[in-house]
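User: I'm new to this one. Can you walk me through it?
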Amino acid sequence: MVARERVALDVDGLRMRYGTVEVLKDVRLRVGHGEVVCLLGPNGAGKTTTLEILEGFRTRSAGRVEVLGVDPAHGDERWRARVGVVLQSWRDHGRWRVRELLAHLGTYYARYATERIDRPWDPDRLIAAVGLTAQAEKKVRTLSGGQRRRLDVAVGIVGRPELLFLDEPTAGLDPVARRAFHGLVDRLAAEQDTTIVLTTHDLHEAQQLADRIVILDGGRIIADGTARELAERIVGEDTVRWTHGGRDHVRATRESTRFAHELFRRHGDGITGLEIRRATLEDTYLSLVGQPAGGRGADAGGVRGPGGGVR
């Protein structure tokens, strides 16, 4: 569990209902300062609704929610200056130039600077951080899709937020831009102690970026933990493939490293083509979400993570 004094986000019994449809059902989650947490789930699982409640854009039906110690439903401007949001897309400010826009937005944050956090980012440093130096004087409407996505990120972090919400942040980015963005996320968490909550459909990205994975399905959190913890608890076994005596062999085991050592101890140079495939986040995700909801209870019921686990 995250120590109380280090909690950036605390959710208990969160529910959301639209008419007779309950889209969030007793969601419980704790996120510590400086953590990078990825919220995964199929379309319709409740991810966007959850983020909108945490961001203060949607009023919940029931439950307790604290974001940086404040109920987001009543967050004032000082609280909002501490929170950054990167939406999936937006299409405003097309006539502004990149540096001009970021410098202007930054003025709204200057009054909320503290001894610990100097707000806002310097525009040129921010532009360099998101890889838009060559586009600094271009109008927003002339940017490519990938460049526009980098600007979206810059807008979200211009006030040096303590907590940053990223909704599908790398959608539309090419591989080079995506790698640069991943580096930026790592620096924000490590150097700025920024807490980051993101959603993505890219499981490799989630495994690479996140300290913790939270899987939401049917309006409930069904798993919470590190990618490796969830793989070990839910999928369980690694796959070892090897060749000996001209024959191919395969073995599923929870002790793949020990098993490989034993193979070489017994057969030495007779072992060729050894391959160990460890259970991945994709395996975990598909084993939970890729089957009917009614078939998950027995398998997932014992999964517990730092934030509270399966509900």
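User: Is strand S8 buried or exposed?
Analyst: Six of the six residues of S8 (residues 212-217) are buried, so the strand is largely enclosed by the rest of the structure. Buried means under 20% relative accessible area, exposed over 50% and partly exposed in between, with a 1.4 Å probe and protein chains only. Strands here are DSSP E runs of at least two residues, helices are H or I runs of at least four, and both are numbered from the N terminus.

User: What kind of model is this?
Analyst: This is a predicted model: local features need pLDDT of at least 70, side-chain atom pairs count only at pLDDT 80 or more, and totals for chains, interfaces and linings use all residues. Residues are numbered from 1 along each chain as its sequence is written, and side-chain values use heavy atoms, with hydrogens and water left out.

User: Back to S8. Which residues point which way?
Analyst: Arg212, Val214 and Leu216 point one way. Ile213, Ile215 and Asp217 point the other way. All are buried.

User: Which way does S8 run against S3?
Analyst: Strand S3 (residues 36-40) and S8 are parallel, with four bridges. Two strands count as paired if DSSP finds at least two bridges between them. Cysteine 38 has isoleucine 213 in S8 as its bridge partner.

User: And how many bridges join S8 to S9?
Analyst: Five, and the two run antiparallel. S9 covers residues 220-225. Valine 214 sits opposite aspartate 224 in S9.

User: What's in the turn between S8 and S9?
Analyst: The two strands form a hairpin with two residues between them. Glycine 218 is in that turn, with a positive phi of about 60°.

User: Switching to helices. At what angle do H5 and H6 pack?
Analyst: About 15°, with axes 12 Å apart. H5 is residues 145-157 and H6 is residues 175-191. Axes are lines fitted to C-alpha atoms, for helices over the stretch in contact, and angles run from 0 to 180 degrees between N-to-C directions. H5 and H6 are therefore roughly parallel (angle under 35 degrees).

User: Which residues meet there?
Analyst: Arg150, Val153 and Ile157 in H5 meet Ala177, Phe181, Leu184 and Leu188 in H6. Contact means heavy atoms within 4.5 Å.

User: Now the whole protein. How many helices and strands?
Analyst: Eleven helices and twelve strands. Of the 311 residues, 47% are buried. The C-alpha trace spans about 70 × 50 × 35 Å along its principal axes.

Key. Angles under 35 degrees count as roughly parallel, over 145 as roughly antiparallel, 65 to 115 as roughly perpendicular and the rest as oblique.
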